[in-house]
There are 2 protein chains.
Amino acid sequence: MEIIRIPHIVHDTSNGHLLHGRSIGFVPTMGALHEGHLSLIKRSKDENDITIVSIFVNPLQFGQSEDFNKYPGDIEGDAEKLRKEEVDILFAPDKSLLYPEGFLTRVEVGKLSEKLCGAFRTGHFKGVTTIVAKLFNIVKPTRAYFGQKDFQQAVIIKKMVKDLDMPIDIVVCPTIREHDGLAMSSRNLYLNEEERKAAAVIYRCLVQTSEMIKSGIISKEKTRRFMKEKLLAEPLVREIQYASIYDPETLEEVEAADKEALLAVAVKVGGTRLIDNMLVKA
Amino acid sequence: MEIIRIPHIVHDTSNGHLLHGRSIGFVPTMGALHEGHLSLIKRSKDENDITIVSIFVNPLQFGQSEDFNKYPGDIEGDAEKLRKEEVDILFAPDKSLLYPEGFLTRVEVGKLSEKLCGAFRTGHFKGVTTIVAKLFNIVKPTRAYFGQKDFQQAVIIKKMVKDLDMPIDIVVCPTIREHDGLAMSSRNLYLNEEERKAAAVIYRCLVQTSEMIKSGIISKEKTRRFMKEKLLAEPLVREIQYASIYDPETLEEVEAADKEALLAVAVKVGGTRLIDNMLVKA
(Lines give C-alpha, C1' and ligand atoms only; values in the text may rest on other atoms or scores of the structure.)
Protein backbone atom coordinates (compact mmCIF):
# COMPACT_ATOMS: atom_id res chain seq x y z
CA MET A 1 0.00 0.00 0.00
CA GLU A 2 1.23 3.41 -0.98
CA ILE A 3 0.73 6.25 1.51
CA ILE A 4 0.40 9.62 -0.20
CA ARG A 5 0.17 12.96 1.59
CA ILE A 6 0.27 15.41 -1.33
CA PRO A 7 -3.03 16.01 -3.17
CA HIS A 8 -1.56 16.53 -6.64
CA ILE A 9 0.41 13.27 -6.38
CA VAL A 10 -2.80 11.34 -5.69
CA HIS A 11 -4.35 13.20 -8.59
CA ASP A 12 -1.55 12.30 -11.00
CA THR A 13 -1.58 8.68 -9.80
CA SER A 14 -5.35 8.42 -10.37
CA ASN A 15 -5.01 10.02 -13.77
CA GLY A 16 -2.45 7.40 -14.72
CA HIS A 17 -4.83 4.58 -13.72
CA LEU A 18 -7.76 6.17 -15.56
CA LEU A 19 -5.67 6.59 -18.71
CA HIS A 20 -4.97 2.85 -18.53
CA GLY A 21 -8.70 2.18 -18.36
CA ARG A 22 -8.68 1.16 -14.68
CA SER A 23 -11.66 1.99 -12.48
CA ILE A 24 -11.06 3.70 -9.14
CA GLY A 25 -13.10 3.04 -5.99
CA PHE A 26 -12.84 5.66 -3.25
CA VAL A 27 -13.70 5.43 0.45
CA PRO A 28 -13.37 8.80 2.22
CA THR A 29 -13.03 8.45 6.02
CA MET A 30 -12.02 10.40 9.10
CA GLY A 31 -9.98 7.43 10.36
CA ALA A 32 -10.68 5.50 13.60
CA LEU A 33 -11.57 2.71 11.20
CA HIS A 34 -14.08 0.02 12.21
CA GLU A 35 -15.93 -2.84 10.52
CA GLY A 36 -18.29 -0.34 8.91
CA HIS A 37 -15.44 1.29 7.01
CA LEU A 38 -13.93 -2.08 6.16
CA SER A 39 -17.22 -3.22 4.59
CA LEU A 40 -17.08 -0.18 2.27
CA ILE A 41 -13.49 -1.01 1.38
CA LYS A 42 -14.33 -4.65 0.62
CA ARG A 43 -17.17 -3.53 -1.63
CA SER A 44 -14.87 -1.08 -3.40
CA LYS A 45 -12.25 -3.77 -3.93
CA ASP A 46 -14.93 -6.09 -5.40
CA GLU A 47 -16.11 -3.48 -7.86
CA ASN A 48 -12.96 -1.59 -8.92
CA ASP A 49 -9.43 -2.13 -10.17
CA ILE A 50 -7.90 0.32 -7.69
CA THR A 51 -9.11 1.27 -4.22
CA ILE A 52 -8.13 4.56 -2.58
CA VAL A 53 -8.99 5.32 1.06
CA SER A 54 -8.60 8.80 2.49
CA ILE A 55 -8.15 9.63 6.16
CA PHE A 56 -8.75 13.27 6.99
CA VAL A 57 -10.50 14.73 10.01
CA ASN A 58 -12.16 17.66 8.30
CA PRO A 59 -12.29 20.71 10.58
CA LEU A 60 -14.89 22.37 8.34
CA GLN A 61 -17.63 19.91 9.33
CA PHE A 62 -17.28 20.31 13.10
CA GLY A 63 -19.22 22.97 14.99
CA GLN A 64 -17.38 25.13 17.54
CA SER A 65 -18.80 23.15 20.47
CA GLU A 66 -18.16 19.80 18.79
CA ASP A 67 -15.49 17.15 19.14
CA PHE A 68 -12.93 18.12 16.47
CA ASN A 69 -10.06 18.30 18.96
CA LYS A 70 -10.83 15.00 20.65
CA TYR A 71 -11.96 13.06 17.54
CA PRO A 72 -10.33 9.62 17.86
CA GLY A 73 -7.22 9.16 15.70
CA ASP A 74 -4.81 6.23 15.25
CA ILE A 75 -3.15 6.55 11.86
CA GLU A 76 -0.71 3.65 12.51
CA GLY A 77 -3.50 1.25 13.51
CA ASP A 78 -5.65 2.46 10.62
CA ALA A 79 -2.84 1.99 8.08
CA GLU A 80 -2.34 -1.56 9.36
CA LYS A 81 -6.03 -2.37 8.85
CA LEU A 82 -5.90 -0.92 5.32
CA ARG A 83 -2.81 -2.96 4.48
CA LYS A 84 -4.64 -6.13 5.56
CA GLU A 85 -7.51 -5.22 3.23
CA GLU A 86 -4.95 -4.73 0.43
CA VAL A 87 -6.00 -1.16 -0.21
CA ASP A 88 -3.87 0.33 -3.00
CA ILE A 89 -3.48 3.89 -1.78
CA LEU A 90 -3.97 5.61 1.57
CA PHE A 91 -4.40 9.33 1.01
CA ALA A 92 -3.66 11.09 4.31
CA PRO A 93 -3.24 14.78 3.53
CA ASP A 94 -2.07 17.43 5.93
CA LYS A 95 -4.69 20.07 6.81
CA SER A 96 -2.56 22.88 5.40
CA LEU A 97 -2.54 21.21 1.97
CA LEU A 98 -6.33 20.99 1.78
CA TYR A 99 -7.13 24.29 3.47
CA PRO A 100 -4.25 26.68 2.77
CA GLU A 101 -4.48 30.20 4.15
CA GLY A 102 -7.20 32.22 2.47
CA PHE A 103 -9.41 29.24 1.65
CA LEU A 104 -12.85 30.69 0.82
CA THR A 105 -14.98 28.36 -1.29
CA ARG A 106 -17.98 26.37 -0.08
CA VAL A 107 -20.21 23.80 -1.76
CA GLU A 108 -23.69 23.66 -0.29
CA VAL A 109 -26.77 21.52 -0.98
CA GLY A 110 -29.45 23.98 0.21
CA LYS A 111 -32.37 22.78 2.23
CA LEU A 112 -31.42 19.07 2.42
CA SER A 113 -28.57 20.24 4.66
CA GLU A 114 -30.90 21.94 7.13
CA LYS A 115 -33.07 18.92 7.98
CA LEU A 116 -32.47 16.21 10.63
CA CYS A 117 -28.85 16.44 11.83
CA GLY A 118 -28.45 19.73 9.95
CA ALA A 119 -30.88 21.41 12.35
CA PHE A 120 -28.62 20.48 15.29
CA ARG A 121 -25.23 20.83 13.61
CA THR A 122 -25.15 24.22 11.87
CA GLY A 123 -22.78 24.25 8.92
CA HIS A 124 -21.94 20.54 9.28
CA PHE A 125 -23.12 19.40 5.87
CA LYS A 126 -21.66 22.43 4.13
CA GLY A 127 -18.33 21.28 5.56
CA VAL A 128 -19.00 17.73 4.37
CA THR A 129 -19.94 18.68 0.81
CA THR A 130 -17.00 21.07 0.52
CA ILE A 131 -14.41 18.48 1.56
CA VAL A 132 -16.06 15.70 -0.47
CA ALA A 133 -16.11 17.90 -3.59
CA LYS A 134 -12.41 18.59 -3.06
CA LEU A 135 -11.57 14.92 -2.46
CA PHE A 136 -13.56 13.88 -5.54
CA ASN A 137 -11.66 16.39 -7.67
CA ILE A 138 -8.34 15.15 -6.31
CA VAL A 139 -9.03 11.39 -6.37
CA LYS A 140 -11.22 11.31 -9.52
CA PRO A 141 -13.02 8.12 -8.44
CA THR A 142 -15.24 6.04 -10.70
CA ARG A 143 -17.29 5.05 -7.65
CA ALA A 144 -17.36 6.39 -4.08
CA TYR A 145 -18.64 4.46 -1.07
CA PHE A 146 -20.66 5.72 1.89
CA GLY A 147 -22.43 3.95 4.74
CA GLN A 148 -26.20 3.98 5.20
CA LYS A 149 -25.67 4.84 8.88
CA ASP A 150 -25.05 8.40 7.72
CA PHE A 151 -28.17 8.37 5.56
CA GLN A 152 -28.57 12.13 5.29
CA GLN A 153 -24.92 12.52 4.31
CA ALA A 154 -25.38 9.98 1.50
CA VAL A 155 -28.54 11.71 0.22
CA ILE A 156 -26.78 15.08 0.20
CA ILE A 157 -23.68 13.78 -1.55
CA LYS A 158 -25.78 12.02 -4.20
CA LYS A 159 -27.60 15.30 -4.77
CA MET A 160 -24.35 17.30 -4.99
CA VAL A 161 -22.91 14.86 -7.51
CA LYS A 162 -26.04 15.01 -9.65
CA ASP A 163 -26.44 18.79 -9.45
CA LEU A 164 -22.78 19.53 -10.20
CA ASP A 165 -22.54 16.91 -12.98
CA MET A 166 -19.73 15.01 -11.28
CA PRO A 167 -19.18 11.76 -13.22
CA ILE A 168 -19.13 9.54 -10.09
CA ASP A 169 -21.35 6.67 -8.93
CA ILE A 170 -22.27 7.03 -5.26
CA VAL A 171 -22.69 3.59 -3.69
CA VAL A 172 -24.49 3.41 -0.33
CA CYS A 173 -23.68 0.28 1.72
CA PRO A 174 -25.65 -1.31 4.59
CA THR A 175 -24.99 -0.24 8.16
CA ILE A 176 -22.70 -2.64 10.02
CA ARG A 177 -23.78 -3.34 13.59
CA GLU A 178 -22.35 -4.66 16.85
CA HIS A 179 -23.80 -7.89 18.25
CA ASP A 180 -26.51 -6.01 20.15
CA GLY A 181 -27.40 -3.99 17.06
CA LEU A 182 -25.59 -0.72 17.84
CA ALA A 183 -24.52 0.84 14.55
CA MET A 184 -20.74 0.93 14.22
CA SER A 185 -19.38 4.45 14.58
CA SER A 186 -16.03 5.94 15.54
CA ARG A 187 -17.90 7.94 18.16
CA ASN A 188 -18.88 4.74 20.00
CA LEU A 189 -15.36 4.97 21.46
CA TYR A 190 -16.62 7.86 23.60
CA LEU A 191 -19.12 5.62 25.45
CA ASN A 192 -18.24 4.19 28.85
CA GLU A 193 -19.30 0.61 29.61
CA GLU A 194 -22.69 1.55 31.00
CA GLU A 195 -23.47 3.96 28.16
CA ARG A 196 -22.31 1.39 25.62
CA LYS A 197 -24.90 -1.09 26.92
CA ALA A 198 -27.59 1.57 27.05
CA ALA A 199 -26.91 2.62 23.43
CA ALA A 200 -28.40 -0.65 22.17
CA VAL A 201 -31.81 0.90 22.86
CA ILE A 202 -31.52 2.83 19.57
CA TYR A 203 -31.48 -0.26 17.39
CA ARG A 204 -34.17 -1.98 19.50
CA CYS A 205 -36.33 1.09 19.05
CA LEU A 206 -35.83 1.05 15.26
CA VAL A 207 -36.65 -2.66 14.99
CA GLN A 208 -39.75 -2.42 17.18
CA THR A 209 -40.98 0.68 15.36
CA SER A 210 -40.49 -0.92 11.96
CA GLU A 211 -42.48 -3.96 13.16
CA MET A 212 -45.24 -1.69 14.39
CA ILE A 213 -45.34 0.08 11.01
CA LYS A 214 -45.40 -3.24 9.15
CA SER A 215 -48.36 -4.26 11.33
CA GLY A 216 -50.28 -1.27 9.97
CA ILE A 217 -49.80 1.50 12.56
CA ILE A 218 -48.28 4.13 10.34
CA SER A 219 -49.25 7.65 11.47
CA LYS A 220 -46.52 10.15 12.29
CA GLU A 221 -48.01 10.92 15.71
CA LYS A 222 -48.18 7.29 16.82
CA THR A 223 -44.71 6.56 15.48
CA ARG A 224 -43.16 9.55 17.24
CA ARG A 225 -44.87 8.70 20.53
CA PHE A 226 -43.84 5.04 20.31
CA MET A 227 -40.21 5.87 19.51
CA LYS A 228 -39.97 8.47 22.26
CA GLU A 229 -41.35 6.01 24.81
CA LYS A 230 -38.93 3.26 23.76
CA LEU A 231 -35.91 5.57 23.79
CA LEU A 232 -36.69 7.26 27.10
CA ALA A 233 -37.20 3.86 28.76
CA GLU A 234 -33.39 3.89 28.86
CA PRO A 235 -32.37 6.40 31.57
CA LEU A 236 -28.98 7.16 29.98
CA VAL A 237 -30.74 8.60 26.90
CA ARG A 238 -30.39 12.26 27.87
CA GLU A 239 -31.87 13.98 24.83
CA ILE A 240 -33.86 12.99 21.74
CA GLN A 241 -32.92 15.36 18.90
CA TYR A 242 -35.22 13.67 16.41
CA ALA A 243 -37.03 10.33 16.11
CA SER A 244 -39.73 9.98 13.48
CA ILE A 245 -40.55 8.95 9.91
CA TYR A 246 -39.21 10.84 6.91
CA ASP A 247 -39.26 10.83 3.12
CA PRO A 248 -36.00 9.09 2.12
CA GLU A 249 -35.38 11.57 -0.73
CA THR A 250 -36.52 14.94 0.59
CA LEU A 251 -35.83 14.09 4.27
CA GLU A 252 -39.12 15.85 5.16
CA GLU A 253 -41.13 14.31 7.99
CA VAL A 254 -44.08 12.41 6.45
CA GLU A 255 -47.63 12.21 7.82
CA ALA A 256 -47.75 8.43 7.47
CA ALA A 257 -45.37 5.61 6.59
CA ASP A 258 -47.64 4.46 3.76
CA LYS A 259 -44.84 3.91 1.24
CA GLU A 260 -41.11 3.38 1.83
CA ALA A 261 -40.14 5.62 4.72
CA LEU A 262 -36.97 6.45 6.59
CA LEU A 263 -37.06 5.81 10.33
CA ALA A 264 -34.34 8.02 11.76
CA VAL A 265 -33.07 8.78 15.24
CA ALA A 266 -30.54 11.11 16.86
CA VAL A 267 -30.08 10.93 20.62
CA LYS A 268 -27.51 11.75 23.23
CA VAL A 269 -26.44 8.79 25.34
CA GLY A 270 -24.59 10.33 28.25
CA GLY A 271 -22.72 13.13 26.50
CA THR A 272 -22.32 11.31 23.19
CA ARG A 273 -24.48 12.07 20.18
CA LEU A 274 -25.48 8.91 18.27
CA ILE A 275 -27.54 8.50 15.10
CA ASP A 276 -29.12 5.53 13.35
CA ASN A 277 -31.80 4.80 10.77
CA MET A 278 -33.71 2.10 8.96
CA LEU A 279 -35.76 2.01 5.77
CA VAL A 280 -39.22 0.54 6.31
CA LYS A 281 -42.21 -0.33 4.15
CA ALA A 282 -45.71 -0.56 5.67
CA MET B 1 -18.26 22.02 -35.96
CA GLU B 2 -20.33 19.67 -33.89
CA ILE B 3 -23.29 21.17 -31.98
CA ILE B 4 -24.10 19.22 -28.82
CA ARG B 5 -27.05 19.89 -26.54
CA ILE B 6 -26.81 16.97 -24.08
CA PRO B 7 -24.30 17.39 -21.19
CA HIS B 8 -23.30 13.72 -20.92
CA ILE B 9 -22.53 13.57 -24.65
CA VAL B 10 -20.12 16.49 -24.32
CA HIS B 11 -18.65 14.73 -21.31
CA ASP B 12 -18.12 11.47 -23.17
CA THR B 13 -16.68 13.30 -26.17
CA SER B 14 -14.22 15.19 -23.96
CA ASN B 15 -13.27 11.98 -22.17
CA GLY B 16 -12.48 10.39 -25.52
CA HIS B 17 -10.17 13.27 -26.44
CA LEU B 18 -8.44 13.23 -23.04
CA LEU B 19 -7.88 9.45 -23.27
CA HIS B 20 -6.13 10.13 -26.58
CA GLY B 21 -3.88 12.64 -24.86
CA ARG B 22 -5.49 15.69 -26.48
CA SER B 23 -5.78 18.95 -24.53
CA ILE B 24 -9.14 20.70 -24.36
CA GLY B 25 -9.58 24.48 -24.33
CA PHE B 26 -12.92 25.78 -23.10
CA VAL B 27 -14.59 29.16 -23.59
CA PRO B 28 -17.85 29.47 -21.61
CA THR B 29 -20.11 32.25 -22.95
CA MET B 30 -23.69 33.52 -22.77
CA GLY B 31 -23.75 34.01 -26.55
CA ALA B 32 -24.16 37.38 -28.32
CA LEU B 33 -20.57 36.79 -29.35
CA HIS B 34 -18.28 39.73 -30.09
CA GLU B 35 -14.57 40.26 -30.78
CA GLY B 36 -13.83 39.81 -27.07
CA HIS B 37 -15.17 36.24 -27.14
CA LEU B 38 -13.42 35.56 -30.44
CA SER B 39 -10.08 36.58 -28.95
CA LEU B 40 -10.56 33.97 -26.20
CA ILE B 41 -11.40 31.37 -28.81
CA LYS B 42 -8.32 32.20 -30.91
CA ARG B 43 -6.14 31.90 -27.82
CA SER B 44 -7.75 28.55 -26.95
CA LYS B 45 -7.18 27.27 -30.48
CA ASP B 46 -3.52 28.32 -30.29
CA GLU B 47 -2.96 26.49 -27.02
CA ASN B 48 -5.11 23.33 -27.26
CA ASP B 49 -5.88 20.40 -29.54
CA ILE B 50 -9.64 20.77 -29.17
CA THR B 51 -11.69 23.91 -28.49
CA ILE B 52 -15.17 23.75 -26.96
CA VAL B 53 -17.35 26.85 -26.67
CA SER B 54 -20.52 26.84 -24.57
CA ILE B 55 -23.47 29.17 -25.06
CA PHE B 56 -25.83 29.24 -22.10
CA VAL B 57 -27.63 32.22 -20.61
CA ASN B 58 -27.46 31.17 -16.97
CA PRO B 59 -30.61 32.22 -15.07
CA LEU B 60 -28.88 31.66 -11.71
CA GLN B 61 -26.56 34.64 -12.17
CA PHE B 62 -29.25 37.23 -12.92
CA GLY B 63 -31.00 39.16 -10.15
CA GLN B 64 -34.78 39.48 -10.19
CA SER B 65 -34.64 43.04 -11.49
CA GLU B 66 -31.95 42.23 -14.05
CA ASP B 67 -31.97 41.56 -17.78
CA PHE B 68 -32.27 37.75 -18.00
CA ASN B 69 -35.39 37.91 -20.16
CA LYS B 70 -34.03 40.45 -22.59
CA TYR B 71 -30.41 39.26 -22.67
CA PRO B 72 -29.39 39.39 -26.36
CA GLY B 73 -29.43 36.02 -28.12
CA ASP B 74 -28.67 34.98 -31.70
CA ILE B 75 -27.68 31.32 -31.71
CA GLU B 76 -27.63 31.11 -35.53
CA GLY B 77 -25.35 34.11 -35.90
CA ASP B 78 -23.18 32.89 -33.03
CA ALA B 79 -22.83 29.40 -34.52
CA GLU B 80 -21.76 30.97 -37.81
CA LYS B 81 -19.03 32.97 -36.06
CA LEU B 82 -17.82 29.84 -34.25
CA ARG B 83 -17.71 27.88 -37.52
CA LYS B 84 -15.50 30.58 -39.05
CA GLU B 85 -13.14 30.26 -36.09
CA GLU B 86 -13.08 26.49 -36.65
CA VAL B 87 -14.29 25.73 -33.14
CA ASP B 88 -14.59 21.96 -32.68
CA ILE B 89 -17.69 21.76 -30.47
CA LEU B 90 -20.47 24.18 -29.63
CA PHE B 91 -22.13 23.08 -26.39
CA ALA B 92 -25.58 24.71 -26.24
CA PRO B 93 -27.54 22.94 -23.50
CA ASP B 94 -31.19 23.38 -22.73
CA LYS B 95 -31.92 24.97 -19.34
CA SER B 96 -33.87 21.91 -18.17
CA LEU B 97 -30.81 19.71 -18.68
CA LEU B 98 -28.57 21.88 -16.51
CA TYR B 99 -31.15 22.82 -13.89
CA PRO B 100 -33.66 19.98 -13.64
CA GLU B 101 -36.48 20.28 -11.12
CA GLY B 102 -35.24 20.09 -7.55
CA PHE B 103 -31.79 21.54 -8.31
CA LEU B 104 -30.35 22.59 -4.93
CA THR B 105 -26.56 22.85 -4.95
CA ARG B 106 -24.54 26.05 -4.92
CA VAL B 107 -20.82 26.76 -5.13
CA GLU B 108 -19.79 29.98 -3.46
CA VAL B 109 -16.50 31.84 -3.08
CA GLY B 110 -17.26 33.70 0.16
CA LYS B 111 -16.25 37.29 0.58
CA LEU B 112 -14.63 37.81 -2.85
CA SER B 113 -18.19 37.53 -4.20
CA GLU B 114 -19.48 40.38 -2.06
CA LYS B 115 -17.04 43.06 -3.22
CA LEU B 116 -17.31 45.41 -6.23
CA CYS B 117 -20.09 44.13 -8.53
CA GLY B 118 -21.15 41.63 -5.85
CA ALA B 119 -22.34 44.47 -3.62
CA PHE B 120 -24.74 45.59 -6.36
CA ARG B 121 -25.71 42.20 -7.82
CA THR B 122 -26.72 39.98 -4.87
CA GLY B 123 -26.20 36.31 -5.65
CA HIS B 124 -24.66 37.02 -9.05
CA PHE B 125 -21.26 35.42 -8.45
CA LYS B 126 -22.80 32.45 -6.62
CA GLY B 127 -24.74 31.85 -9.84
CA VAL B 128 -21.55 32.23 -11.88
CA THR B 129 -19.45 29.85 -9.77
CA THR B 130 -22.25 27.27 -9.67
CA ILE B 131 -22.68 27.17 -13.46
CA VAL B 132 -18.94 27.30 -14.12
CA ALA B 133 -18.33 24.40 -11.72
CA LYS B 134 -21.01 22.42 -13.57
CA LEU B 135 -19.61 23.29 -16.99
CA PHE B 136 -16.07 22.41 -15.88
CA ASN B 137 -17.29 19.00 -14.65
CA ILE B 138 -19.10 18.37 -17.92
CA VAL B 139 -16.47 19.67 -20.35
CA LYS B 140 -13.36 18.62 -18.36
CA PRO B 141 -11.17 21.28 -19.94
CA THR B 142 -7.40 21.42 -19.67
CA ARG B 143 -7.57 25.22 -19.87
CA ALA B 144 -10.50 27.64 -19.61
CA TYR B 145 -10.49 31.19 -20.99
CA PHE B 146 -11.99 34.33 -19.47
CA GLY B 147 -11.72 38.02 -20.36
CA GLN B 148 -10.03 40.60 -18.16
CA LYS B 149 -13.04 42.87 -18.66
CA ASP B 150 -14.80 40.73 -16.05
CA PHE B 151 -11.83 40.97 -13.69
CA GLN B 152 -13.71 40.04 -10.52
CA GLN B 153 -15.27 37.02 -12.22
CA ALA B 154 -11.82 35.80 -13.26
CA VAL B 155 -10.41 36.28 -9.74
CA ILE B 156 -13.34 34.36 -8.23
CA ILE B 157 -13.12 31.50 -10.71
CA LYS B 158 -9.37 31.17 -10.18
CA LYS B 159 -10.03 31.00 -6.45
CA MET B 160 -12.79 28.38 -6.84
CA VAL B 161 -10.57 26.22 -9.02
CA LYS B 162 -7.72 26.44 -6.52
CA ASP B 163 -9.89 25.87 -3.43
CA LEU B 164 -11.80 22.92 -4.93
CA ASP B 165 -8.67 21.31 -6.45
CA MET B 166 -10.06 21.43 -9.98
CA PRO B 167 -7.24 20.43 -12.36
CA ILE B 168 -7.82 23.32 -14.78
CA ASP B 169 -5.65 26.25 -15.89
CA ILE B 170 -7.59 29.51 -15.88
CA VAL B 171 -6.27 31.82 -18.60
CA VAL B 172 -7.25 35.49 -18.39
CA CYS B 173 -7.04 37.36 -21.71
CA PRO B 174 -6.77 41.12 -22.37
CA THR B 175 -9.91 43.21 -22.75
CA ILE B 176 -10.81 43.84 -26.39
CA ARG B 177 -11.97 47.40 -27.07
CA GLU B 178 -13.91 49.37 -29.67
CA HIS B 179 -12.06 52.14 -31.57
CA ASP B 180 -12.93 54.69 -28.91
CA GLY B 181 -11.77 52.36 -26.14
CA LEU B 182 -15.15 51.07 -24.91
CA ALA B 183 -14.68 47.52 -23.63
CA MET B 184 -16.52 44.99 -25.80
CA SER B 185 -19.57 43.58 -24.03
CA SER B 186 -22.80 41.95 -25.15
CA ARG B 187 -24.60 44.57 -23.07
CA ASN B 188 -23.26 47.36 -25.33
CA LEU B 189 -26.14 46.33 -27.63
CA TYR B 190 -28.51 47.98 -25.14
CA LEU B 191 -26.97 51.43 -25.74
CA ASN B 192 -28.61 53.90 -28.13
CA GLU B 193 -26.36 55.99 -30.38
CA GLU B 194 -26.00 58.84 -27.92
CA GLU B 195 -25.32 56.52 -24.97
CA ARG B 196 -22.84 54.55 -27.05
CA LYS B 197 -20.81 57.70 -27.66
CA ALA B 198 -21.07 58.73 -24.02
CA ALA B 199 -19.85 55.30 -22.84
CA ALA B 200 -16.35 56.04 -24.14
CA VAL B 201 -15.91 58.21 -21.04
CA ILE B 202 -15.20 55.03 -19.00
CA TYR B 203 -12.05 54.13 -20.88
CA ARG B 204 -10.90 57.76 -21.03
CA CYS B 205 -11.32 57.94 -17.27
CA LEU B 206 -9.27 54.75 -16.75
CA VAL B 207 -6.46 55.96 -19.01
CA GLN B 208 -6.30 59.41 -17.44
CA THR B 209 -6.42 57.97 -13.92
CA SER B 210 -3.66 55.50 -14.67
CA GLU B 211 -1.52 58.36 -16.05
CA MET B 212 -2.18 60.35 -12.91
CA ILE B 213 -1.11 57.39 -10.75
CA LYS B 214 2.03 56.86 -12.80
CA SER B 215 2.88 60.52 -12.26
CA GLY B 216 2.90 59.86 -8.52
CA ILE B 217 -0.56 60.88 -7.29
CA ILE B 218 -1.61 57.63 -5.73
CA SER B 219 -3.89 58.19 -2.72
CA LYS B 220 -7.33 56.57 -2.65
CA GLU B 221 -9.07 59.87 -1.91
CA LYS B 222 -7.47 61.71 -4.81
CA THR B 223 -8.05 58.81 -7.19
CA ARG B 224 -11.74 58.49 -6.27
CA ARG B 225 -12.29 62.22 -6.61
CA PHE B 226 -10.51 62.36 -9.96
CA MET B 227 -12.44 59.38 -11.36
CA LYS B 228 -15.78 60.70 -10.16
CA GLU B 229 -15.12 64.09 -11.74
CA LYS B 230 -14.09 62.52 -15.07
CA LEU B 231 -17.09 60.17 -15.18
CA LEU B 232 -19.69 62.76 -14.17
CA ALA B 233 -18.38 65.17 -16.83
CA GLU B 234 -20.48 62.99 -19.14
CA PRO B 235 -24.15 63.83 -18.46
CA LEU B 236 -25.45 60.39 -19.59
CA VAL B 237 -23.53 58.72 -16.72
CA ARG B 238 -26.50 58.34 -14.36
CA GLU B 239 -24.89 56.48 -11.46
CA ILE B 240 -21.39 55.54 -10.31
CA GLN B 241 -21.58 52.22 -8.44
CA TYR B 242 -17.85 52.10 -7.78
CA ALA B 243 -14.73 53.77 -9.15
CA SER B 244 -11.52 53.47 -7.19
CA ILE B 245 -8.29 51.49 -6.67
CA TYR B 246 -8.32 47.92 -5.37
CA ASP B 247 -5.99 45.06 -4.51
CA PRO B 248 -6.06 42.79 -7.60
CA GLU B 249 -6.15 39.64 -5.43
CA THR B 250 -8.39 40.46 -2.47
CA LEU B 251 -10.44 43.10 -4.36
CA GLU B 252 -10.32 45.28 -1.23
CA GLU B 253 -10.04 49.02 -1.82
CA VAL B 254 -6.44 50.08 -1.11
CA GLU B 255 -5.28 53.27 0.59
CA ALA B 256 -2.74 54.02 -2.12
CA ALA B 257 -1.75 52.64 -5.52
CA ASP B 258 1.85 52.11 -4.38
CA LYS B 259 2.20 48.64 -5.95
CA GLU B 260 0.22 47.04 -8.76
CA ALA B 261 -3.38 48.11 -8.28
CA LEU B 262 -6.67 47.46 -10.03
CA LEU B 263 -8.50 50.51 -11.28
CA ALA B 264 -12.13 49.43 -11.59
CA VAL B 265 -15.35 51.16 -12.55
CA ALA B 266 -19.06 50.31 -12.67
CA VAL B 267 -21.46 52.96 -13.95
CA LYS B 268 -24.88 53.23 -15.47
CA VAL B 269 -24.95 54.93 -18.85
CA GLY B 270 -28.61 55.65 -19.44
CA GLY B 271 -30.22 52.50 -18.07
CA THR B 272 -27.32 50.18 -18.95
CA ARG B 273 -24.81 49.00 -16.37
CA LEU B 274 -21.24 48.93 -17.75
CA ILE B 275 -18.00 47.83 -16.10
CA ASP B 276 -14.34 48.17 -17.00
CA ASN B 277 -10.94 47.99 -15.35
CA MET B 278 -7.22 48.43 -15.84
CA LEU B 279 -4.15 47.24 -13.94
CA VAL B 280 -1.78 50.05 -13.06
CA LYS B 281 1.62 50.42 -11.42
CA ALA B 282 2.68 53.68 -9.79
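Predicted model: local features only at pLDDT ≥ 70, side-chain atom pairs only at ≥ 80, totals over all residues.

Me: By what turn can chain A be laid on chain B?

Reply: Two copies of a chain are related by a rotation about an axis and a shift along it. Here the shift along the axis is 0.0 Å and the RMSD is 0.0 Å. The two copies are thus related as by a two-fold rotation axis.

Me: Which residue of chain A comes closest to the rotation axis?

Reply: The distance is taken at the C-alpha atom, and it is 2.3 Å for the residue in question. That residue of chain A is A:Val107.

Me: What area is buried between chain A and chain B?

Reply: The contact takes 28 residues from chain A and 28 residues from chain B. Carbon and sulfur atoms give 56% of the buried area. The area itself is about 2,300 Å².

Me: Which residue of chain A forms a salt bridge with B:Lys134?

Reply: The rule finds 2 salt bridges across the interface of chain A and chain B. In the bridge made by B:Lys134, the closest N and O atoms are 2.6 Å apart. The partner in chain A is A:Asp165.

Me: Is A:Asn137 buried or exposed?

Reply: A:Asn137 is found in helix 6 (residues 124–139) of chain A. Leaving out residues up to four places away in sequence, A:Asn137 touches A:His11 and also B:Asn137, B:Leu164, B:Asp165 and B:Met166. Its relative accessibility is 10%, and buried means under 20%. A:Asn137 therefore counts as buried.

Me: How many Å separate the C-alpha atoms of B:Leu98 and B:Phe56?

Reply: B:Leu98 is found in helix 4 (residues 95–98) of chain B, and at 0% relative accessibility B:Leu98 counts as buried. Its contacts beyond four places in sequence include B:Phe56, B:Phe103 and B:Leu135. B:Leu98 and B:Phe56 are 42 residues apart along the chain, and their C-alpha atoms are separated by 9.6 Å.

Me: Which helix holds both B:Arg83 and B:Glu80?

Reply: The side chains of B:Arg83 and B:Glu80 meet in a salt bridge, at 3.0 Å from N to O. B:Arg83 is partly exposed at 39% relative accessibility, and B:Glu80 is partly exposed at 38%. The two residues are 3 residues apart, about one turn of the helix, and both lie in helix 3 (residues 75–84) of chain B.

Me: How many residues apart in sequence are the parts that B:Lys126 and B:Glu108 tie together?

Reply: B:Lys126 forms a salt bridge with B:Glu108, with 3.8 Å between the closest N and O atoms. B:Lys126 lies in helix 6 (residues 124–139) of chain B and B:Glu108 in strand 5 (residues 105–109) of chain B, so the parts tied together are 18 residues apart.

Conventions. Residues numbered from 1 in each chain as written. Chains lettered and ligands numbered in written order. Heavy atoms only, no water. Least-squares fit on C-alpha atoms with pLDDT ≥ 70 in both. Contact = heavy atoms within 4.5 Å. Buried area = accessible area lost by both parts, 1.4 Å probe. Salt bridge = Lys/Arg side-chain N within 4 Å of Asp/Glu carboxyl O. Helix = DSSP H or I, 4+ residues; strand = E, 2+ residues; numbered from the N terminus. Buried < 20%, exposed > 50% of the residue type's maximum accessible area, 1.4 Å probe, protein only.
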